[in-house]
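Please open the model in your viewer and keep the selection panel at hand. The stops below are given in the order in which they may be selected.

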Amino acid sequence: MVIAIVGASGAVGQELLAVLEQRQFPVSELKLFGSERSAGTKYTFCGKEYTVQLLQHNDAFKGVDIAFVSAGAGVSRAYAEDITRFGTIMIDNSSAFRMEEDVPLVVPEVNASDALNRPRNIIANPNCTTIQMVVALQAIENLTHIRRVHIATYQAASGAGAQAMKELENQYRQVLNGEEVTVNKFAYQLAYNVIPHIDVFTDNGYTKEEMKMFNETRKIMHSDIKVSATCVRVPSLRAHSESIWIETEHPVSVEQAREAFSKAQGCVLMDDPENKVYPMPLFLSGKDEVFIGRIRKDLTDECGLSFWCVSDQIRKGAALNAVQIAEWLLNHAIVTQ
């Protein structure tokens, strides 16, 4: 297949290259695109060197089967027509099209078949925090309907991109060396701190990141589920954590939940508190799955259940989910030019 990556030099673009190679995705030709800053940069994929081309309004996507786009919402909106007009399927990692009715929002473990209905040839990749949450929620939804979710996220620097990861590392060095701390990517110093502020605030007091979790979850799960989120940036480098409380239509026991999570596609059960076994981002960065532990009944509601989950934001929260969408399309023989 002829594959293109837009935003090849970014954290997600680099992860896309790694995931495609690791999963042996059938790439016959690869095209890399980027900004003026990254154009001309060379990357190696499957032993062959490729040069990043400058993204322009032209016919460079003619003949491309799938384009993975991860260069921000503005770029996605500006170049969507150029990318799709020759029949290329655009799998977009930005927020540009997620809530548009004629664009499917897909997490393969939950709603892969939604990718069939793509009148604009665009498929949206959900927000990273939503992706890992709905993979976990689907395991319980298969047992009984989930009415509502309360969630607190613990989001690593990786969620703000490669430069944010470098900034966090640099901040730790600056603090330890007694230097003035450089703050560019976050509202405040992140090293030795947590910041309860991700994205901009909306009129209802929630941030856009928090509202994404409400709206995207309902679209992906085709559900009236209600999600109330508090999204927090924490000083870990990579992989997001989430503390999740759910209220179900019918009670679910801890044993039932453990069994459901252990069998669910894309989930790994890590739940042995007596032996200090539970998911942590330090040990799960670079992994593909959503790891779940600390499962317990809520003390205030017989239909309540609490659990903790961790997943790598750059992999399952972005690059891997996009590649899994492409794999599903390929396996169902519906990628055509």
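This is a predicted model: local features need pLDDT of at least 70, side-chain atom pairs count only at pLDDT 80 or more; totals for chains, interfaces and linings use all residues.

Residues are numbered from 1 along each chain as its sequence is written, and side-chain values use heavy atoms, with hydrogens and water left out.

**Strand E10**

Select residues 240-248, strand E10; helices (H or I, at least four residues) and strands (E, at least two) are DSSP runs, numbered from the N terminus. Of its 9 residues, 8 are buried, where buried means under 20% relative accessible area, exposed over 50%, and partly exposed in between (1.4 Å probe, protein chains only). Ser243 in E10 is the bridge partner of Ala152. E13 also runs antiparallel to E10, again with 8 bridges, and here Glu242 has Cys309 as its partner.

Next, display the side chains of Glu247 and Arg147, which meet in a salt bridge (3.8 Å, N to O); the term requires a side-chain nitrogen of Lys or Arg within 4 Å of a carboxyl oxygen of Asp or Glu. Because Glu247 belongs to E10 and Arg147 to E8, the pair ties together parts that are 100 residues apart in sequence. Glu247 is buried at 13% relative accessible area, whereas Arg147 is partly exposed at 39%.

**Helix H7**

Select residues 254-263, helix H7, and colour its buried residues: Val254, Ala257, Ala260 and Phe261. These residues lie on the same side of H7, because they cover an arc of only 125° around the axis, taken from the directions from the helix axis to the C-beta atoms. The face turned away from them carries the exposed residues Glu255 and Lys263.

Now show Arg258 with Asp271; their closest N and O atoms are 2.5 Å apart in a salt bridge. Arg258 lies in H7 and Asp271 in the loop between E11 and helix H8 (281-284), 13 residues apart. Asp271 is buried at 12% relative accessible area, and Arg258 is partly exposed at 28%.

**Helix H6**

Which residue forms a salt bridge with Glu209? The partner is Lys212, at 3.8 Å, N to O.

Finally, select Tyr192, in the loop between helix H5 (162-176) and helix H6 (208-221). Tyr192 is exposed, with a relative accessible area of 53%.

Note on methods:
Two strands pair if DSSP finds at least two bridges between them.
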